[in-house]
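Subject: Structure handover

Hello,

Here is the structure for your files. Please look it over before reading the notes below it.

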Amino acid sequence: MASKNEVIIAGILDRIAPGQWEYERPYTGKDGREVLPDFTVVAADGRTVYWEHAGMLDLPTYAQKWEKKKVWYADNGILPHAEGGGPIGTLLWTEDLRGADARAWQALACEVLGVKPPTSRVPESGSQIGGCRSAGSA
């Protein structure tokens with residue numbers, strides 16, 4: 001993993017989607033460009049979720065590249081969760097401008113992946129993050 005925050009995200013995915021995710025699985029767009037989404041997750045309902053962690057948005061050049069990458073994803077049928085996802089997949093992204101927020105990231109991932117939030121508290125550090133329950137469980 002390229003960063004501490006990607007390790008935190010991997011821990012979240014290990015708990016809420018074990019065996020359903022890959023790190024930097026190549027994706028080739030219709031223009032032939034290959035990208036390495038940070039995480040590719042297959043949700044229980046079969047949807048593909050591409051999770052990118054935008055970890056350097058405080059750098060103008062990085063922020064500009066990230067905006068272009070979001071457009072590229074949209075052009076390839078991968079739309080944000082807030083827009084209902086796209087025909088090819090759903091784009092989920094996190095950032096850390098105000099620090100790592102493992103609780104918020106986990107809550108967002110549970111929402112996007114369609115699993116219930118855990119009943120136990122999640123430590124802010126990302127260590128010992130509790131899992132989610134499937135939407136069908138009590």
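The notes below cover the helices, the strands and the charged side chains.

This is a predicted model, in which local features need pLDDT of at least 70 and side-chain atom pairs count only at pLDDT 80 or more, while totals for chains, interfaces and linings use all residues. Residues are numbered from 1 along each chain as its sequence is written, and side-chain values use heavy atoms, with hydrogens and water left out.

Helices

Helices (H or I, at least four residues) and strands (E, at least two) are DSSP runs, numbered from the N terminus. Helix α1 covers residues 4-16, 13 residues in total, and reaches 19 Å from its first C-alpha to its last. That is close to the 18 Å expected at 1.5 Å a residue, where the expected span is 1.5 Å times one less than the number of residues.

Buried is used here for under 20% relative accessible area, exposed for over 50%, and partly exposed for values in between (1.4 Å probe, protein chains only). On that scale the buried residues of α1 are N5, E6, I8, I9, A10, G11, I12, L13 and I16. Contact means heavy atoms within 4.5 Å; the cover over the buried residues of α1 includes β1 (21-23), β4 (39-42), β5 (48-54), β7 (89-95) and α3 (102-113).

The end C-alpha atoms of α3 are 16 Å apart, in agreement with the 16 Å that its 12 residues should span at 1.5 Å a residue. Its buried residues are A102, W105, Q106, A109, C110, V112 and L113. Seen down the axis of α3, they fall within an arc of 165 degrees, so they line one face of the helix; the arc is that of the directions from the helix axis to the C-beta atoms. These buried residues pack against α1, β4, β5, β7 and β8 (115-116). After α3 comes G114, with a positive phi near 75 degrees.

Strands

Two strands pair if DSSP finds at least two bridges between them. β1 and β4 run antiparallel and are joined by 3 bridges, with T40 in β4 as the bridge partner of E22. β4 and β5 also run antiparallel, joined by 4 bridges, and V42 stands opposite T48 in β5. The hairpin of β4 and β5 has 5 residues between the strands, and G46 there takes a positive phi near 95 degrees.

Charged side chains

A salt bridge is a side-chain nitrogen of Lys or Arg within 4 Å of a carboxyl oxygen of Asp or Glu.

- D45 and R47 meet at 2.8 Å, N to O. D45 is exposed at 53% relative accessibility, and R47 is partly exposed at 26%.
- K70 and E67 have their closest N and O atoms 3.0 Å apart. They lie 3 residues apart in helix α2 (residues 60-75), so about one helical turn separates them. E67 is partly exposed at 43%.
- E95 and R98 have their closest N and O atoms 3.6 Å apart. E95 is partly exposed at 24%, whereas R98 is exposed at 75%.

What is the nearest side chain of opposite charge to E6? E6, in helix α1, is buried yet has no salt bridge, and that nearest side chain is K69, 8.9 Å away. Leaving aside residues up to four places away in sequence, E6 touches M1, Y23, D38 and F39.

Regards

Key: Lys, Arg positive; Asp, Glu negative; His and termini not counted.
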